[in-house]
Amino acid sequence: MKIFPAVAAVLAASVLAACGAEADTTPPPGPKPTVVLVHGAFEDASSWAQVTRKLQSENYPVVAPAVPLRGVAADTAALQGVLNAIKGPKILVGHSYGGLLISELASAPDVRALVYVAAFIPQAGETAGQLNSQFPGTLIGPATTHTVDSPDGPELYVNTDSFAALFAGGLPAADAAVSAAGQRPILAAAFDEKVATTAPGNVRKFAIVATRDQAIPPAAERFEAERAGATITEVDSPHAVPAANPQAVVDVIHQAS
C-alpha cells in the first residue's frame with residue numbers, strides 16, 4: 001500500500017503526540033503559592049532573609065510579617081489580618097514560637113500546607129512552656145534569660161552571652177552577636193498561654209527537626225511532628241535553621257508546594 005507523504009506526515013505527528021502525552025503526564029506549572037514566613041521569639045523577619053532571597057529568586061511570592069510577640073491570641077489576631085490580605089493559595093512556615101501561630105492560623109482560607117522549622121507543633125490547650133519541658137535538653141531558663149518591665153508586663157530577653165549557645169551554635173560569632181544585640185523581646189506570659197485549636201488534620205504538615213537544637217529539644221520537635229502526622233526532615237543544625245541551613249528550609253517548602 002502506498003502512503004502519500006502528506007498522509008505519512010500526519011500519521012507520524014499523531015504517533016509522536018500520543019507517545020508524548022503518554023510519557024509526560026506532568027501538568028503545566030501554575031501560579032506558585034504565597035509563602036508566609038512567621039518568625040519566632042527573640043527575632044524579627046530579618047531572620048528569614050536568606051530563605052526569602054532564595055524563594056524570590058524562584059519567583060515565589062513571599063510575605064515575612066512582623067510578629068508582635070505579645071502572646072498567642074494577640075499575635076494570631078495580628079497575623080490574621082495579614083493572611084486575609086493575601087489572595088490565592090498560601091503556605092505557612094513557622095520557626096520556633098511561630099509554630100504555635102501557624103497552627104492557630106491553619107484554618108484560614110486557601111492555606112495549603114504548614115511547615116514547622118524547629119518549631120512547636122501544639123494541640124489545643126497546650127503551652128510553649130509545657131511542650132518545651134516535657135523532654136530534657138533546652139537551655140532556656142533563669143540562667144540564660146532575664147526579664148525587663150514594660151507597660152504590657154514583664155518581657156523576656158536572652159542573655160547576650162547565652163544567645164549563641166541557645167540559637168546559633170556553629171554560626172559566626174559576629175553574626176550571633178549582632179542578632180543578640182537586636183533581639184526582640186516576647187512577653188514572658190506568652191510561654192504560658194494556651195493554644196486554642198489544633199491544626200486541622202486535612203492540612204498537610206511538614207517539619208524540620210534541628211538535631212543540634214538547644215532551645216527546643218530535638219526529641220520534643222520529633223515527638224510533636226510525629227504526633228501531628230507531619231513529613232519529617234532532620235537537619236544537622238542549631239535552632240536558627242533559617243540562618244544556618246536556609247536551603248534545607250527551601251527544599252521542604254518545595255515539598256509543601
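Here are some numbered notes on the fold, its packing and a few residues worth a look.

1. Ground rules. This is a predicted model, so to speak of a local feature I need pLDDT of at least 70, and side-chain atom pairs count only at pLDDT 80 or more, while totals for chains, interfaces and linings use all residues. Residues are numbered from 1 along each chain as its sequence is written, and side-chain values use heavy atoms, with hydrogens and water left out.

2. The sheet. Six strands make an open sheet, in the order β2-β1-β3-β4-β8-β9, with parallel pairing. Helices (H or I, at least four residues) and strands (E, at least two) are DSSP runs, numbered from the N terminus. Two strands pair if DSSP finds at least two bridges between them. The edges are β2 (62-63) and β9, each of which pairs on one side only. β1 and β2 are joined in the parallel sense over 2 bridges, and V36 stands opposite V63 in β2. As background, strands of a sheet pair through backbone hydrogen bonds, either parallel or antiparallel.

3. The hairpin. Strand β5 (residues 145-148) runs antiparallel to β6, with 4 bridges between them. T145 sits opposite V158 in β6. There are 6 residues between the strands of this hairpin, and G153 has a positive phi near 125°.

4. Aromatic pairs. The structure has 4 aromatic pairs. Rings of Phe, Tyr and Trp (its six-membered ring) pair if their centres lie within 6.5 Å; planes under 30 degrees apart count as stacked, over 60 as edge-to-face and the rest as tilted. F42 and F191 are a stacked pair, 6.5 Å centre to centre with 20° between the planes. F42 is in the loop between β1 (34-38) and α2 (49-57), and F191 in the loop between β7 (186-187) and β8 (204-210), so this pair ties together parts that are 149 residues apart in sequence. Buried here means under 20% relative accessible area, exposed over 50%, partly exposed in between (1.4 Å probe, protein chains only).

5. F163 and F167 both lie in helix α6 (residues 160-167), 4 residues apart, about one turn of the helix. F163 is buried at 7%, and F167 is buried at 8%.

6. A lysine over a ring. K32 lies over the face of Y60, 5.5 Å from the ring centre. The test for a charge over a ring is that NZ of Lys or CZ of Arg is within 6 Å of the ring centre and within 35 degrees of the ring normal.

7. Nonpolar cores. The largest core holds 44 residues, and F42, L92, Y97, L100, L114, Y116 and I186 touch the most other members. Elements giving two or more residues to this core include β1, α3 (72-84), α4 (98-104) and α8 (218-228). Another core, of 24 residues, lies apart from it, with W48, V93, F206 and V249 among them. A nonpolar core is a set of buried Ala, Val, Leu, Ile, Met, Phe, Trp, Tyr and Cys residues joined through side-chain atoms within 4.5 Å.

8. A118. This residue is found in the loop between β4 (111-117) and α5 (128-133) and is buried, with a relative accessible area of 0%. Phi of A118 is near 45°, a positive value in a residue other than glycine. The C-alpha atoms of A118 and D213 are 7.7 Å apart, though the two are 95 residues apart along the chain. Not counting residues up to four places away in sequence, A118 touches H95, S96, I208 and A210, among others. Contact means heavy atoms within 4.5 Å.

9. S237 lies in the loop between β9 (231-235) and α9 (241-244) and counts as buried, at 0% relative accessibility. Its side chain makes a polar contact of 3.0 Å with that of N245. (A polar contact is a pair of N or O atoms within 3.5 Å; within protein, one must be able to donate a hydrogen and the other to accept it, and residues adjacent in sequence count only if both atoms are side-chain atoms.) D110, in the loop between α4 and β4, has a positive phi near 70° and counts as partly exposed, at 37% relative accessibility.
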